[in-house]
Amino acid sequence: MSSLPIPIPNIRIPRPVHPTGIWSWFTTIDHKRIGILYGITAFFLFLSGGVEATLMRLQLAGPELGIVSAAIYNQLFTMHGTTMIFLAIMPLSAAFFNYLIPLQIGARDVAFPRLNAFSYWTFLGGALMLKLSWIGGATDAGWFGYAPLTSIDQNPGKGIDFWIISLQILGIASLASAFNFIVTIINLRAPGMTWMRLPLFTWMTFITAILLVLAFPVITVALIELTFDRYFGFNFFNVANGGSVVLWQHLFWVFGHPEVYILILPAMGIVSEVLPVFSKKPLFGYATVVLAGAIIAFMGWMVWSHHMFTVGLGPVANTVFTITTMLIAVPTGIKMFNWIGTIWGGSIKLNTPMLFSLGFIAMFLIGGLSGVMHAVSAHDAQQQDTYFVPAHIHYVLFGGAIMAILSGIYYWFPKYSGKMYSEKEGKIHFWLMMIGQNVTFFPMHFVGLDGMPRRIYTYAEGMGWDLWNAVATAGVFILIAGFLVMINNLGRHWRNGPTAPSDPWDGRTLEWSISSPPPEHNFDEIPVVTALDDWWVTKQDSQNRAVPVSGGSGEETHDIHMPQASYWPFVVALGLFVGAYGVVFNDLIFPYLIAGIGLIITFIGVYSWSLEPVNDPE
Amino acid sequence: MLNFNKFKQVIPLLFVLTISMVLAGCYPEHNQSTFDASGPVAERQLNVFWWILAGAAIVFVLVEAVLAYSIIKYRRKDESETPKQTHGNAKLEFVWTSLPALMLIIIAIPTINTLFYAADPPKHALEQHTLKAIGHQWWFEFRYPSPNESDKEIVTANEVYIPVGYPVSIELDSVDVIHSFWVPKLAGKVDMVPAEGNTMWFEADEPGVYYGQCAEYCGDSHANMRFRVVAVPENEFNDWLIYQSTPATESADPLALEGKEVFKTAGCSGCHALKTVVNKGSKGRIGPNLAHVASRRHLAAGVLTNSEDGGLVNDSYLQENLRNWIQDPNSIKPGNIMAAQGVVYTNPDRKLTEGEISALVGYLTTLK
């Protein structure tokens with residue numbers, strides 16, 4: 001460092017040394033604590049999206065109700081979609097990536113621990129920015145933000161600006177996180193942890209991270225174009241001056257469809273972990289399931305225009321995307337059948353995580369089948385933009401992604417909390433979810449085919465939509481009851497539950513070979529992996545257990561060097577947050593003054609971070 | 001041990017349950033039901049839906065049944081048991097890869113066939129039956145070629161007639177954001193994208209009033225952007241065209257005459273045309289054409305019904321609707337341009353008096 005040509009100002013601030021307390025959470029770079037931060041933050045954001053959904057359902061409980069205004073309703077569905085996708089399901093998955101990947105591959109942390117902390121704080125900044133835009137009017141152009149509804153003429157308020165800029169900030173967080181996990185999984189696998197011995201969840205994380213890296217730049221470009229249109233009078237999406245509104249749709253869905261797999265592949269990974277453990281059988285066709293995941297990710301790039309069957313691309317384009325969309329059902333089907341193959345002939349124990357994973361299969365199947373119905377593009381002209389589509393998306397993302405995530409939350413609860421939850425209350429939660437989601441979302445199929453468009457804040461009497469809308473609204477309260485049971489169960493037991501053993505489920509993967517919760521350095525000795533489901537094999541083969549581990553890092557416990565905590569990731573994220581507000585309020589005091597201040601904070605943070613050694617010399 | 005034969009009886013039960021669950025959602029009698037296909041395009045589209053629904057129902061029942069069966073059959077009885085550690089079965093996996101693929105190929109054929117069928121109108125479609133549908137926030141403008149002059153078009157709004165048994169080609173456009181043109185009983189929707197020049201077609205088998213609604217989110221009052229398609233025998237359709245191209249008869253009623261004056265002075269005529277015939281391709285006005293507003297079954301783009309049952313206009317309903325609409329358009333269609341920009345709504349000094357509103361209502365009621 002001394003060879004740097006520029007003089008280094010003496011801005012050395014002592015490193016944070018808080019092992020506990022609030023401050024320790026701001027400076028932590030421990031992947032497990034960051035995982036918990038991600039999980040809890042995302043769960044609260046999930047609840048906020050649920051509140052938005054509840055208000056919408058109340059408004060639609062009957063014809064011509066006036067619970068919320070048209071303007072508020074339009075903000076509600078826009079924020080609900082954006083929240084659930086970017087602030088709930090993605091970061092909930094990220095919570096699992098963070099907590100589990102190092103544990104599953106036998107590593108002591110991720111490759112870039114400070115970058116990991118940076119991802120979280122940046123995500124939190126973007127999330128706060130988006131949710132706080134409710135003050136003064138949130139975005140109301142739909143989570144898909146179709147041009148020209150987002151143009152400055154149509155939508156002069158700040159809501160759209162908040163949406164654009166916070167999505168950009170969230171994109172930075174996602175990209176940083178994705179790179180981190182790609183590098184971690186490639187480089188930090190324990191000795192013997194070959195690619196085809198990777199736990200399925202790690203595999204799906206790896207594929208998801210690659211998708212993130214490839215998909216986010218597309219939405220970034222689209223959002224930059226939109227920013228230019230709005231801020232500097234450009235005409236990317238301005239038809240009057242030769243722009244194209246369909247361009248936005250292509251860009252958005254080229255990102256948006258891989259995004260769907262970004263949401264569902266981690267969920268599929270969780271289910272692929274839970275089913276074998278509670279069936280006492282290895283995953284059926286491990287290689288096929290991995291391959292199917294990779295094929296889904298690859299083909300996910302060829303189907304985007306199935307969101308645009310009614311845009312008028314013509315029958316030839318629609319035919320192409322019909323065929324590719326139908327094809328992508330095949331690898332998805334393979335996964336379904338392999339999961340059933342896993343439990344077939346097994347020894348099934350119906351603990352809460354298992355129930356949720358089985359519920360995932362049962363519900364995701366419905367979403368998958370209605371997905372194939374959309375692929376039948378001739379009839380999709382009737383389904384598109386009706387309630388049939390929210391029915392589908394909720395069977396895929398609630399019955400699918402959320403059910404799997406809930407399965408994961410229960411499954412790994414003993415690991416991250418060190419406590420056991422109440423199995424009885426878990427099961428009550430499960431049944432409330434199963435009943436609640438079907439009562440809420442199944443009637444949407446009916447009203448959709450009955451001609452009810454989506455995104456309408458009201459409907460006339462006498463259209464025949466009253467009954468099933470009322471039923472759907474009633475279902476929401478069953479779901480709310482379910483989540484109250486869950487919060488009570490997990491919240492109470494996290495504090496006072498019985499102590500969890502290190503391996504309560506007779507697990508198969510490495511995270512169950514260490515204490516609950518794991519020590520900060522995860523593994524006293526880096527394990528040497530000899531098989532798929534190594535921990536299970538080790539337990540089965542008692543001789544194996546006696547073999548002294550060799551070829552590992554050889555470090556003794558007292559020699560383990562963990563990366564030290566740091567202020568700088570938080571500072572950089574803070575700078576981005578301030579800068580982002582500065583861009584939205586660019587005319588406050590002096591043009592782009594606040595943005596400049598944010599930039600300076602960011603710069604100071606990056607500068608100090610880059611000069612800060614991973615570990616201080618002792 | 002669970003008796004498999006006993007379980008087999010559950011499968012037909014599941015199947016019946018599924019089918020009845022699905023049928024519970026079919027209401028062909030509802031105004032916008034996609035199950036009451038009343039024209040060839042909607043019929044063909046509904047047919048492929050029955051195919052995929054049948055396929056999906058079979059897959060659904062089989063997979064859920066196998067899932068349920070294996071959960072029941074393979075419940076853990078003894079904590080110490082360890083099942084056989086099977087890692088896979090290549091043959092089985094080949095079967096469940098190729099079977100769904102085969103099913104999808106089968107369903108792809110009628111799908112693609114129907115796609116092309118619905119895309120272009122049949123060759124016997126007539127030039128004079130070419131309808132232009134133009135989306136506005138939040139109402140529909142309709143134009144037909146004028147039966148008398150080849151360079152003119154007749155204009156109307158929110159309610160349009162079509163001849164029964166004739167294919168109607170539709171040219172779609174929008175003046176602002178993306179809307180979507182959808183009459184569920186006649187055909188699936190096609191988006192009205194500014195400057196993209198989308199087209200579609202449909203045909204009604206039977207006379208009737210068909211409900212339509214904008215299906216692409218288009219801002220505040222997207223929910224209030226509806227329209228009606230009235231299918232009538234060809235001779236009635238031709239009469240309607242003539243009627244639409246002729247202005248309403250002037251009324252000598254003093255209230256109506258007073259209203260006519262208000263219509264001009266209050267600024268209404270700035271946005272609402274009373275002309276029935278315009279030059280082909282000319283730019284539309286900001287507000288709906290009102291030349292025959294009192295003949296339309298609904299007001300404010302299908303939101304207010306001018307009769308008890310949605311049938312022909314009843315003047316007392318019409319007058320009440322007109323009054324409510326003029327008094328406070330925002331309460332009926334939040335965010336609409338008239339309330340936001342009309343001078344009588346933005347300038348308190350120019351606010352319409354009760355008397356002026358009555359005169360306007362009286363005048364507009366005469367525009368039959």
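This is a predicted model: local features need pLDDT of at least 70, side-chain atom pairs count only at pLDDT 80 or more; totals for chains, interfaces and linings use all residues.
Reader: How do you know that the structure has zero disulfides over all chains?

Author: A search of the whole structure finds none. A disulfide needs two cysteine sulfur atoms within 2.5 Å. The sulfur of C214(B) has its closest cysteine sulfur in C218(B), at 3.9 Å, so the pair is too far apart for a bond.

Reader: Why is C214(B) called buried, and why C218(B)?

Author: Buried means under 20% relative accessible area. C214(B) has 0%, so the word applies. C218(B) also has a value of 0%, and therefore it is buried too.

Reader: What makes the contact of E79(B) and K349(A) a salt bridge?

Author: The cut-off is 4 Å between a side-chain nitrogen of Lys or Arg and a carboxyl oxygen of Asp or Glu. The N to O distance for E79(B) and K349(A) is 3.1 Å, and the side chains of these two residues meet in a salt bridge. The count between chain B and chain A is one.

Reader: How many residues of chain B and of chain A are in contact, and what is the area buried between the chains?

Author: In chain B 88 residues are in contact with 95 residues of chain A. The buried area is about 7,500 Å², and carbon and sulfur atoms give 66% of that area.

Reader: What is the phi of I589(A), and what is the phi of Y592(A)?

Author: I589(A) has a phi near 60 degrees, which is positive in a residue other than glycine. For Y592(A), not a glycine either, phi is positive at about 60 degrees.

Reader: What makes β8 and β11 of chain B edge strands?

Author: Each pairs on one side only: β8 covers 199-202 and β11 covers 277-279. They belong to an open sheet of six strands in the order β8-β5-β1-β2-β3-β11 (chain B), with mixed pairing. Neighbouring strands of this sheet are turned by 35 degrees against each other on average, direction ignored.

Reader: How do you know that β3 and β11 of chain B pair?

Author: Pairing requires at least two bridges. Strand β3 (residues 152-157) and β11(B) have three, in the antiparallel sense. I154(B) has V277(B) in β11(B) as its bridge partner.

Reader: Why do β4 and β9 of chain B stand at the edges of their sheet?

Author: This open sheet has three strands in the order β4-β10-β9 (chain B), and its pairing is mixed. β4 (159-163) and β9 (208-213) each have a single partner strand, so one side of each is left without a neighbour in the sheet. Five bridges join β4(B) to β10 (residues 226-232) of chain B, and the two run parallel. α5(B) packs on the sheet, touching β4 and β10 of chain B, and makes about 140 degrees with the direction of β4(B).

Reader: Which strands of chain B does helix α5 (residues 234-245) lie across at about 95 degrees to β3(B)?

Author: Helix α5 of chain B lies across β2 (139-145), β3 and β11.

Reader: What makes strand β6 (residues 179-183) of chain B mostly covered?

Author: Five of its five residues are buried. H179(B), F181(B) and V183(B) are on one side, with S180(B) and W182(B) on the other. In a regular strand the side chains alternate between the two faces of the sheet.

Reader: How many residues stand between β6(B) and β7(B) in their hairpin?

Author: There are three residues between them. Four bridges join β6(B) to β7 (residues 187-192) of chain B, and the strands run antiparallel. Opposite S180(B) stands D191(B) in β7(B).

Key: Residues are numbered from 1 along each chain as its sequence is written. Chains are lettered from A and ligands numbered from 1 in the order in which they are written. Side-chain values use heavy atoms; hydrogens and water are left out. Axes are lines fitted to C-alpha atoms, for helices over the stretch in contact, and angles run from 0 to 180 degrees between N-to-C directions. Contact means heavy atoms within 4.5 Å. Buried means under 20% relative accessible area, exposed over 50%, partly exposed in between (1.4 Å probe, protein chains only). Buried area is the accessible area (1.4 Å probe) that two parts lose on being put together, summed over both.
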